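Colleague: Hi! Could you walk me through this one while I have it open?
Modeller: Happy to, let's take a look together.

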Amino acid sequence: MGFFSDAGQLLVRLVFGIALFILLLRLTLPLTRIRFNNPICQFIYKFTNPVVGPLAQIIPPRKQFSFATAVLLVLVAAIEVVLLLLLARLPLAPGLLLPGIFGGLLYYVLGTAFWAIVLRAIMSFFAPDPRNPAIEVLYNLTDPLLRPFRKLPPHSAALDLSPLYAGVVLRLGMLAVFHLFGPIGTVMLPL
């Protein structure tokens with residue numbers, strides 16, 4: 001592959017990675033029951049409503065889960081995989097498309113969760129203000145991931161190893177996706 005193919009793949013991953021991240025936030029924020037008037041939530045909802053709103057009329061949500069957003073997430077992942085396969089000059093065969101879409105999306109979700117936990121662990125050294133909208137979103141997104149690991153030893157108020165445990169499990173999950181779907185299943189690396 002040449003420079004232009006690699007540059008094209010980089011740009012596709014960047015643009016679609018941002019789109020997937022915004023849609024992933026749109027899907028997960030209501031599940032964490034974060035307050036609706038958080039400025040980050042407001043931005044996500046206003047940014048995605050032109051597409052998700054009409055689609056939600058066709059595919060209604062159930063409880064807090066937006067099926068319209070999930071469908072849109074898969075659709076965006078499919079477009080990204082098709083573009084990446086075309087740039088790599090690989091055939092658009094179902095044997096490459098399906099692992100690329102579903103394996104790539106799962107890999108992306110696990111990778112994003114991993115980096116959110118890493119960011120939370122780093123932020124814990126600076127004693128962030130819990131009323132900060134970004135910190136509120138980060139904590140609400142990572143709390144459900146860390147909660148099961150807080151029961152593991154050592155039990156100390158000064159030392160919380162739950163981010164370490166969760167990070168190892170997420171990385172093992174990413175490794176399992178790689179071995180299950182192969183390299184094509186990891187085309188959507190979280191940046």
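**Salt bridges and a loop residue**

Modeller: A search of the whole structure, which is a predicted model, finds 5 salt bridges.

Colleague: Nice. Which residue does Asp143 form a salt bridge with?

Modeller: Asp143 pairs with Arg150, and their closest N and O atoms are 3.7 Å apart. Arg150 also forms a salt bridge with Asp160, again with a closest N and O separation of 3.7 Å.

Colleague: Is Arg150 exposed or partly exposed?

Modeller: Partly exposed, because its relative accessibility is 33%, between the 20% and 50% cut-offs. Asp160 is partly exposed too, at 42%.

Colleague: What does Arg131 form a salt bridge with?

Modeller: Asp129, with the closest N and O atoms 3.3 Å apart. Arg131 counts as exposed at 67% relative accessibility, while Asp129 is partly exposed at 37%.

Colleague: Changing topic: where is Phe36 found?

Modeller: Phe36 is in the loop between α1 (3–28) and α2 (39–58). Its relative accessible area is 54%, so Phe36 counts as exposed, the cut-off being over 50%.

Colleague: Which residues is Phe36 in contact with, leaving aside neighbours within four places in sequence?

Modeller: Cys41, Gln42 and Tyr45. For Ala56, 20 residues from Phe36 along the chain, the C-alpha separation from Phe36 is 18 Å.

Notes: Residues numbered from 1 in each chain as written. Predicted model: local features only at pLDDT ≥ 70, side-chain atom pairs only at ≥ 80, totals over all residues. Heavy atoms only, no water. Helix = DSSP H or I, 4+ residues; strand = E, 2+ residues; numbered from the N terminus. Buried < 20%, exposed > 50% of the residue type's maximum accessible area, 1.4 Å probe, protein only. Contact = heavy atoms within 4.5 Å. Salt bridge = Lys/Arg side-chain N within 4 Å of Asp/Glu carboxyl O.
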